[in-house]
Amino acid sequence: MNAFDGMITGFQVALSWEGILFVLIGVIVGTLIGMMPGLGPISAIAIMIPITYGMDPAPALVMMAGVYYGAVFGGSTSSILLNAPGISGTVATAFDGYPMAQQGKAGKALAIAAIASFFGGTVSVIMLMLLAPALSSVAISFGPPAYFALMLMGLTAISSLSEGSTIKAMIAAVAGVMVVTIGIDPQTGTQRFTFGNVNLFDGFDFLIIALGLFAIAEVCMLVLNRKNRSLSDDQKLGSLKVTRADLKEMSGPMTRQSFVGFILGVLPGAGATIASFISYIFEKRISKNPEEFGKGSIKGLAAPESSNNAATSGAFVPLLSLGIPGSGTTAVMLGAFLVLGVQPGPLLMTDRPEIFWGIIASMYVGNIFLLILNLPLIPYLAKILSIPRPLLISLVIMFSLIGVYSISFNVFDLYMLLVFGALGFAMRVFSFPAPPFILAFILGGMMEQAFRQSMTISNGNLAIFVNSPLPLSLILIAFFSLVIPGLLKWRSRRKLANM
Amino acid sequence: MPLTINRRIALILFVIAAIYLFLSFQLPNYPYAPVDADVIPKGLGILMIILSVALFFSKAIETEAEKEKRNIPKKELLVLLAVFAMIFLYILLFEIIGFVIMTAIFIFFCSWFLGYTKWKSNIIVSILFPLGMYVIFVFALGISLPKGILPI
């Protein structure tokens with residue numbers, strides 16, 4: 001099936017009444033959850049998973065994709081209005097968006113953000129449509145060693161790129177794989193670390209980890225910050241009007257940063273957060289008047305906004321074509337696929353074209369919905385920011401508990417949710433990044449399987465990973481992605497010490 | 001060598017890794033697999049020990065932002081513990097008393113405890129949310145939630 005036929009199949013899914021309805025639900029829910037300061041796309045997707053039980057996979061996944069990019073879209077609203085980013089991918093949006101809001105131009109800032117997001121999203125969906133099938137057809141020939149190396153590279157990339165200490169990120173990743181080893185080993189039937197407890201035989205469901213580590217941990221942070229401001233009723237939004245001159249000013253950054261964002265989204269480890277920061281710095285560097293940045297510059301707002309949305313669609317490239325998530329959020333997205341019995345990867349395009357192309361096509365539709373929804377409805381949607389924090393906290397706790405209970409009907413899992421919530425909170429307090437943990441948890445089982453398959457093929461000879469060029473080069477990239485940032489830090493410290 | 005917070009965490013991690021490694025050496029053997037169930041856990045245990053030693057000797061200094069994150073007043077920590085205790089009680093009782101009643105009680109008291117003083121809207125949300133969720137899950141999605149003592 002070529003891309004053209006594929007897109008026709010995809011639009012049949014996306015433009016059916018069911019498709020349109022679920023894209024719409026997805027983007028609205030995503031936008032609303034993404035707006036809430038503290039709650040990000042990971043929690044949004046995890047909270048929505050139980051709703052999809054019993055749904056057909058195609059509309060369900062189209063909806064989940066909508067939740068994901070809707071959340072990134074919504075994150076910018078609280079960044080601009082409250083200077084409290086809904087998600088980390090919109091931190092850079094606040095640099096110029098919030099000053100604009102303080103100057104009484106909040107409406108204009110929101111409109112610019114919406115247009116830039118729409119542009120970035122659309123450009124990258126077109127690129128996703130071109131790139132994902134090509135990558136799928138290459139990836140079909142990958143053997144277990146290449147897959148293992150690919151996953152290893154994804155894991156090391158996200159560890160080396162997460163904020164803060166690389167050692168702590170690696171510890172989080174190793175701990176994530178350790179948690180996967182709990183349960184019955186699928187290959188030999190050996191019980192590992194179950195202590196004979198029947199509840200642990202199947203290991204932990206990923207939803208327990210995702211909701212615990214993200215939603216419950218976010219609840220803890222919300223409890224601590226519950227007295228922070230929420231939107232007051234009399235805050236003026238100002239006009240939403242964007243002039244032709246504004247459009248001209250933002251066209252440059254929008255076009256450039258859509259591509260930058262897309263490429264960073266495709267690469268493992270990067271994602272919306274890093275993409276938005278890099279785009280912001282990039283535009284500031286090449287700007288003729290960089291002193292305007294940080295004081296309400298239109299360019300400084302448009303750049304990270306188109307970039308973070310482009311990165312979101314870019315992140316679907318490795319997920320759909322290789323079946324390998326490149327970030328914490330796409331790891332949870334992969335979890336959503338697996339819950340619905342769909343294995344993303346090179347075979348998805350041929351086995352389930354309606355899902356592969358349906359998701360891509362739905363993104364066109366979803367981006368248009370987001371633009372229409374956000375421009376006229378911003379003043380009303382922003383009302384959600386005035387939900388009192390205490391009530392929001394109780395409701396998020398309830399959503400998480402219901403979500404976990406409805407997968408297993410097992411109270412033991414609810415206690416485990418509490419345990420992982422406490423762990424997630426401790427990780428935040430002591431600056432251990434959570435995305436490597438969830439990514440390692442999702443990839444861990446697949447990595448172990450690929451490793452053992454490779455060893456079976458080679459009769460236990462580790463040389464299988466270095467004998468052919470593809471696994472070898474991926475392992476080298478994985479190695480250097482860990483070593484180079486460390487070396488750079490070490491060198492800059494030495495320089496500082498010698499000064 | 002002062003015992004900084006990172007060093008203390010490193011020591012805890014070292015102990016966890018050692019226990020994990022000990023347990024992975026207890027795993028039974030399965031003679032016909034080229035890579036047995038214990039290989040990956042052993043590797044992970046060793047990796048974690050190396051990483052915890054690396055964290056212990058790492059020269060990275062805590063940034064101000066990281067210190068700030070760690071700086072939680074005792075009173076707030078107690079509030080957080082109380083919320084956890086409420087969740088614990090909820091889990092303990094909700095299969096017995098039922099989803100709707102327990103959820104309503106939880107939302108009301110948790111919101112009230114955290115400082116939501118508008119008790120009228122609190123009562124309305126506390127009643128409508130569990131009823132709405134119950135209807136969606138039980139009747140629309142076919143996922144049964146414990147009905148407990150309520151005859152619905």
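Biologist: How many disulfides does the structure hold over all chains?

Modeller: The structure holds zero disulfides over all chains, a disulfide being a pair of cysteine sulfur atoms within 2.5 Å. A:C220 is in none; its nearest cysteine sulfur belongs to B:C110 and is 11 Å away. This is a predicted model, in which local features need pLDDT of at least 70 and side-chain atom pairs count only at pLDDT 80 or more, while totals for chains, interfaces and linings use all residues. Residues are numbered from 1 along each chain as its sequence is written, chains are lettered from A and ligands numbered from 1 in the order in which they are written, and side-chain values use heavy atoms, with hydrogens and water left out.

Biologist: Is A:C220 buried or exposed?

Modeller: A:C220 is buried, at 1% relative accessibility. Buried means under 20% relative accessible area, exposed over 50%, and partly exposed in between, with a 1.4 Å probe and protein chains only. B:C110 is buried as well, at 0%.

Biologist: Another topic: where does A:S362 lie?

Modeller: A:S362 lies in helix α16 of chain A, residues 353-381; helices are DSSP runs of H or I with at least four residues, numbered from the N terminus. A:S362 has 0% relative accessibility and counts as buried.

Biologist: And with which residues is A:S362 in contact?

Modeller: Beyond its neighbours within four places in sequence, A:S362 is in contact (heavy atoms within 4.5 Å) with A:A14, A:V23, A:V62 and A:Y69.

Biologist: Now the backbone. What is the phi of A:F409?

Modeller: Phi of A:F409 is positive, about 55°, although the residue is not a glycine. Most residues other than glycine have a negative phi. A:F409 sits in the loop between α17 (389-408) and α18 (411-429) of chain A and is partly exposed, at 38%.

Biologist: What about A:S431, and where does it lie?

Modeller: A:S431 lies in the loop between α18 and α19 of chain A. Its phi is also positive, near 60°, and A:S431 is buried, with a relative accessible area of 11%.

Biologist: Lastly, into which domains is chain B divided?

Modeller: Chain B is divided into domain 1 (1-70) and domain 2 (72-151), with bounds from an automatic or database domain assignment. Taken over C-alpha atoms, the centres of domain 1 and domain 2 of chain B are 38 Å apart.

Note on methods. Helices (H or I, at least four residues) and strands (E, at least two) are DSSP runs, numbered from the N terminus.
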